[in-house]
Every structure is written in C-alpha cells, then in structure tokens.
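Try each task yourself before you look at the worked solution.

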Amino acid sequence: AFRPTSNLTSYASRISAQQSAAATKSKEREMKANKEEERQRRIQGIKDRRTAKEEKERYEKMAERMHRKRVERVRRREKRNKLLKS
C-alpha cells in the first residue's frame, strides 16, 4: 500500500518521543503509588483507632465485673503476650 507519510519522521524524533512518553508514564506510576500509599496509611490509621476503641470498651466492660487492679493486671499480661507474639 502507498503510504506517503511513512518515513517522514526521523529516527531521532521518534526516539525522543518514546523517551518523553516513558518519562511521563514513570511519573504517573510514581504519583499513583504515592496516592495509594497515602490511602493505605489513612486506612491503617482508621483500623488502629478502631482496634484501640474496641480494646478500651472491652476493658471497661471487664471493669464492671472485676476489680480495677485485676483489670490492670490482665491488661499488662495481654500487652506482654502481644509483644511476645509480634
């Protein structure tokens, strides 16, 4: 087939266009990764607050049934076990 526009762009201009496209793509990937990292950090913060709140409520419920000193002892023991597991 006759293509009058073929070979009108030089090799150097094609290479520079490819390089600029690659640079743009890498910048987009980096921005997307940063955005996802920020999102995950926010989600993790929400999860941490939620678990802390649940734990606090659990200890409060325990305190209704037991003495305060015993609840503190249980809390310290659970904290030690948690640190040993991780």
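Helices (H or I, at least four residues) and strands (E, at least two) are DSSP runs, numbered from the N terminus. Note that this is a predicted model, in which local features need pLDDT of at least 70 and side-chain atom pairs count only at pLDDT 80 or more, while totals for chains, interfaces and linings use all residues. Residues are numbered from 1 along each chain as its sequence is written, and side-chain values use heavy atoms, with hydrogens and water left out.

**Exercise 1. Describe the overall form.**

Step 1: Begin with the secondary structure, which comes to two helices and zero strands.

Step 2: Look at the extent. The C-alpha trace spans about 90 × 25 × 20 Å along its principal axes.

Step 3: Compare with a globule. The radius of gyration (taken over C-alpha atoms) has a globule rule of 2.2 Å times the number of residues to the power 0.38. A compact globule of 86 residues would have a value near 12 Å, but this protein has 30 Å.

Step 4: Check burial. Buried means under 20% relative accessible area, exposed means over 50%, and partly exposed is in between (1.4 Å probe, protein chains only). Of the 86 residues, 5% count as buried.

**Exercise 2. Find salt bridges and say where their partners sit.**

Step 1: Recall the idea. Side chains of opposite charge can pair when their charged atoms come close. A salt bridge here is a side-chain nitrogen of Lys or Arg within 4 Å of a carboxyl oxygen of Asp or Glu. The structure holds five salt bridges.

Step 2: Glu36 bridges to Arg39, with the closest N and O atoms 3.0 Å apart. Both lie in helix α1 (residues 11–65), three residues apart, about one turn of the helix. Glu36 counts as partly exposed because its relative accessibility is 38%, and Arg39 is partly exposed with a relative accessible area of 38%.

Step 3: Take a pair between helices. Lys82 and Glu55 meet in a salt bridge at 3.8 Å, N to O. This pair links distant parts of the chain: Lys82 is in helix α2 (residues 68–85) and Glu55 in helix α1, 27 residues apart. Lys82 counts as exposed because its relative accessibility is 54%, whereas Glu55, at 33%, is partly exposed.

Step 4: Arg58 forms a salt bridge with Glu78, the closest N and O atoms being 2.7 Å apart. Arg58 lies in helix α1 and Glu78 in helix α2, so the pair ties together parts that are 20 residues apart in sequence. Arg58 is partly exposed at 40%, and Glu78 is partly exposed at 28%.
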